[in-house]
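Student: Hey, could you walk me through this structure? I'm new to it and would like to ask things as we go.

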Amino acid sequence: MITFDPLWETLKRRGISQYVLIKEYGVSTGTLDALRKNRSITLNTLNDLCELLDCGISDIIQYTPDKN
């Protein structure tokens, strides 16, 4: 399973709120909703987040194998 838990930690460390992502960085509310609910996003969106936050993919997503 892929989660966006590292994203929230990255934002917290940098003092960036979800409001700032929307108002200053132009991230859509739909994208933020998908991130909060660990829904899929496009690779373009992932790339944009990495560029906006000047970070790597591992600062945004985390993969954990499903428990089967």
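**Charges and helices**

Tutor: Let's start with K37, which is partly exposed at a relative accessible area of 47%. Here, buried means under 20% relative accessible area, exposed means over 50%, and partly exposed is in between (1.4 Å probe, protein chains only).

Student: Ok, and what should I know about the model itself?

Tutor: It is a predicted model, where local features need pLDDT of at least 70, side-chain atom pairs count only at pLDDT 80 or more, and totals for chains, interfaces and linings use all residues. Residues are numbered from 1 along each chain as its sequence is written, and side-chain values use heavy atoms, with hydrogens and water left out.

Student: Back to K37, then. Which residue does K37 form a salt bridge with?

Tutor: With D33, and the closest N and O atoms are 3.4 Å apart. A salt bridge here is a side-chain nitrogen of Lys or Arg within 4 Å of a carboxyl oxygen of Asp or Glu.

Student: How many salt bridges does the structure hold?

Tutor: Three. R36 also forms one with D33, at 3.9 Å between the closest N and O atoms, and the side chain of R39 meets D33 in another, at 3.8 Å from N to O. Through shared partners, D33, R36, K37 and R39 are joined into one network.

Student: Where do R36 and D33 lie?

Tutor: Both are in helix 3, three residues apart, which is about one turn of the helix. Helices (H or I, at least four residues) and strands (E, at least two) are DSSP runs, numbered from the N terminus.

Student: And how accessible are D33, R36 and R39?

Tutor: D33 has 24% relative accessibility, R36 has 44% and R39 has 47%. D33 counts as partly exposed, R36 counts as partly exposed, and R39 does too.

Student: New topic: helix 1. Which residues of helix 1 are buried?

Tutor: P6, L7, T10 and L11, in a helix that runs over residues 5–14. They sit on the same side of helix 1 because they cover an arc of only 140 degrees around the axis. That arc is taken from the directions from the helix axis to the C-beta atoms.

Student: What covers those buried residues?

Tutor: The cover includes strand 1 (2–3), helix 2 (18–23), helix 3 (29–36), helix 4 (43–53) and strand 2 (62–63). Contact means heavy atoms within 4.5 Å. The face turned away from the buried side carries the exposed residues K12 and R13. Just after helix 1, G15 takes a positive phi of about 70 degrees.

Student: Now helix 4. Which residues are buried there?

Tutor: T45, L46, L49, C50 and L53. They are on the same side of helix 4, since their arc around the axis is only 140 degrees. These buried residues pack against helix 1 and helix 3, while L43, N44 and E51 are exposed on the face turned away.

Student: What comes just after helix 4?

Tutor: D54, which takes a positive phi of about 50 degrees.
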